Amino acid sequence: MRYFDFETIARKAEIPEEQLKKLCELVRQDFPGDQMMYELHVLRACLAILEGRLTVEQAIRVQKAA
């Protein structure tokens, strides 16, 4: 079951596929058993990137540090 369409937002934000994949992998580590929370956090990161409040590199770095 899919909860959020973060892929569409990622495309609008022009996040390269490999970087989105890395971001997803890192977020999945924080929410291994909770699909909704995983998708929500990826969506929020993609929205922040789209709005210019965050770069994809910053999002990945923050997830690595967490």
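## Exposure and the Arg 53 pair

A residue counts as exposed when its relative accessible area is over 50% and as buried when that area is under 20%; partly exposed residues fall in between. In this predicted model, Arg 53 and Glu 51 are both exposed. Arg 53 also forms a salt bridge with Glu 51. The closest N and O atoms of that pair are 2.8 Å apart.

## Salt-bridge network

The count of salt bridges comes to three. Arg 2, Glu 7 and Glu 39 are linked in a network. One link joins the side chains of Glu 7 and Arg 2, at 3.0 Å from N to O. Another joins the side chains of Arg 2 and Glu 39, again with an N to O distance of 3.0 Å. This second pair ties together distant parts of the chain. Arg 2 sits in the segment before α1, Glu 39 sits in helix α3, and 37 residues separate them.

Glu 7, with 24%, is partly exposed.

## Nonpolar surface patch

Met 1, Tyr 3 and Met 36 make up a nonpolar patch on the surface. Together they have about 370 Å² of accessible area. Tyr 3 belongs to the segment before α1, a helix that spans 6–12. Tyr 3 counts as partly exposed because its relative accessibility is 40%. That value also clears the cut-off of over 30% relative accessible area for patch residues.

## Largest pocket

The largest pocket has a volume of about 210 Å³. Two elements give two or more residues each to its lining: α3 (35–50) and α4 (56–65). The largest share, four residues, comes from α3.

By class, the lining holds six nonpolar, two polar and two charged residues. Leu 23, Leu 47, Leu 54 and Val 62 are among the lining residues.

## Arg 61 on helix α4

Arg 61 is placed in helix α4. Its relative accessibility is 54%, so Arg 61 counts as exposed. Which distances relate Arg 61 to Leu 26? The two are 35 residues apart in sequence. In space, they are 9.6 Å apart, C-alpha to C-alpha.

Key:
Residues numbered from 1 in each chain as written. Predicted model: local features only at pLDDT ≥ 70, side-chain atom pairs only at ≥ 80, totals over all residues. Heavy atoms only, no water. Patch = residues over 30% accessible without salt bridge, like charges linked within 9 Å, V, L, I, M, F, W, Y side chains within 5 Å. Areas by Shrake-Rupley, 256 points an atom, 1.4 Å probe, with all protein chains shown as cover. Salt bridge = Lys/Arg side-chain N within 4 Å of Asp/Glu carboxyl O. Buried < 20%, exposed > 50% of the residue type's maximum accessible area, 1.4 Å probe, protein only. 1 Å grid on protein atoms, 1.4 Å probe; cavity = no way out; pocket = protein on both sides within 12 Å on 5 of 7 lines; lining within 4 Å. Points joined across faces, edges and corners; volume = space filled by probe spheres on them. Nonpolar A, V, L, I, M, F, W, Y, C, P; charged D, E, K, R; others polar.
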